[in-house]
Amino acid sequence: MDDLEKLKAELFACRECRELFGFEPRPVCMGNSGAKIVQISQAPSVHVHETGRSFNDISGRRLRNVWYEISEDIFYDPDIFYITSVGHCYPGKSKNKGDNPPPKICAQRWLRREIELVRNEMFILVGKAASDIFFPKSDFTDLVFSDQTILGKPAYVIPHPSPLNVRWFKEHPEFEEQRVAEVRRELHRLIFG
């Protein structure tokens, strides 16, 4: 068992937020220490909470099929993608549309340690919650339309593919018209050589 697998065993046993959530937490992340791509998003949806499989929902279908243009087999290949999030558990529904924000303690306790143990070649940050962890003082839209680095490796920020994210896409049609193709090209270069 390598260091990442030991860390994941600790992470999967974590119940720190049980009282805060009011239900049994179910930490979710997947992938191996040799994964080529680390993808970091906000937190699992209720569907991911129920299935234990990252991006196994409508957002995941848009991400894989439309933006990345890859199969489920490739997306869930643990040697290609390490999939994690700022909050590793579904945080519950908010009073407004969408889910509650992930508790800050989760990223502080787990995320940095995780990414230091993966020998990836690229980062993809999905959504503002993920970009705020790494680029806290930067404008989200500026990050989406420019190349970044994390730990000296290429990093791309993309909006969350959630169907609730309608306004951002209406205001920035150039993401789906142009930018997503640039990110996809780099992704395919790593996956397919």
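Over the face of which ring does Arg-53 lie, and at what distance from the ring centre? In this predicted model, Arg-53 is placed over the face of Tyr-76, 3.7 Å from the ring centre.

A pair of aromatic rings is described by the distance of the centres and the angle of the planes. The count of aromatic pairs comes to 14. Among them is the pair of Phe-21 and Phe-23, which is stacked, with 5.2 Å centre to centre and 20 degrees between the planes. Phe-21 has a relative accessibility of 13% and therefore counts as buried, whereas Phe-23, at 24%, counts as partly exposed. The rings of Phe-75 and Phe-81 have their centres 5.1 Å apart; because their planes stand at 45 degrees, this pair is tilted. Both Phe-75 and Phe-81 are buried.

The volume of the largest cavity is about 130 Å³. Its lining comprises 15 residues, of which Cys-14, Cys-17, Cys-89, Cys-106 and Trp-110 are the closest to the centre. Helix H6, spanning residues 104-116, contributes the most to this lining, with four residues. In terms of residue class, the lining of the largest cavity consists of eleven nonpolar, two polar and two charged residues.

Key. Residues are numbered from 1 along each chain as its sequence is written. This is a predicted model: local features need pLDDT of at least 70, side-chain atom pairs count only at pLDDT 80 or more; totals for chains, interfaces and linings use all residues. Side-chain values use heavy atoms; hydrogens and water are left out. Rings of Phe, Tyr and Trp (its six-membered ring) pair if their centres lie within 6.5 Å; planes under 30 degrees apart count as stacked, over 60 as edge-to-face and the rest as tilted. Buried means under 20% relative accessible area, exposed over 50%, partly exposed in between (1.4 Å probe, protein chains only). A charge sits over a ring if NZ of Lys or CZ of Arg is within 6 Å of the ring centre and within 35 degrees of the ring normal. On a 1 Å grid over the protein atoms alone, a cavity is a set of points where a 1.4 Å probe fits but cannot get out, and a pocket is an open set with protein on both sides within 12 Å along at least five of seven lines; lining residues have an atom within 4 Å of a point. Grid points are joined across faces, edges and corners, and a volume is the space filled by probe spheres set on the points. Helices (H or I, at least four residues) and strands (E, at least two) are DSSP runs, numbered from the N terminus. Ala, Val, Leu, Ile, Met, Phe, Trp, Tyr, Cys and Pro count as nonpolar, Asp, Glu, Lys and Arg as charged, and the others, Gly among them, as polar.
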